[in-house]
Amino acid sequence: RLIRYLKERIFFWEEIMKLHSSSFQVREMKSRWGSCNTRTGKLCFNLHLIKADPVCIDYVIIHELSHLVYAGHGADFWGLVMRYMPDYKRIRKKLNEIHIG
């Protein structure tokens, strides 16, 4: 169910953001909701996102796609995230209330 949702939403956000990942995978992660290999363009998402609201999953997708442009978490990175999800801080807080692992 999560993989199907991610596939649809990654495609949706890639089209809007004009960014394209090479692939994605889902696996259990202990301390993060997602990751992006900026060299290969591969995205990875935490299996525990299945517990999250769809808007929280969208936030993680936007966050990881933004790493295709900015590797770190500087002002430009957060500006890009904010462009596509202006209330990302509230959504990130909600996401981080979910226990990982």
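Guide: Strand β1 (residues 23-27) and β3 pair in the parallel sense over five bridges, where pairing requires that DSSP finds at least two bridges between two strands. Strands here are DSSP runs of E with at least two residues, helices are runs of H or I with at least four residues, and both are numbered from the N terminus. This is a predicted model, in which local features need pLDDT of at least 70, side-chain atom pairs count only at pLDDT 80 or more, and totals for chains, interfaces and linings use all residues. Residues are numbered from 1 along each chain as its sequence is written, and side-chain values use heavy atoms, with hydrogens and water left out.

β2 and β3 form a hairpin with four residues between them, and G41 in the turn has a positive phi of about 80 degrees. Strand β3 (residues 42-46) is largely enclosed by the rest of the structure, because four of its five residues are buried, that is, under 20% relative accessible area with a 1.4 Å probe, protein chains only.

G34 also belongs to the lining of the largest pocket, where R32, W33, G34, H63 and E64 lie nearest the centre. A pocket is an open set of points on a 1 Å grid over the protein atoms alone, where a 1.4 Å probe fits, with protein on both sides within 12 Å along at least five of seven lines; lining residues have an atom within 4 Å of a point. α2 gives the most to this lining, with four residues.

How values were computed:
Buried < 20%, exposed > 50% of the residue type's maximum accessible area, 1.4 Å probe, protein only.
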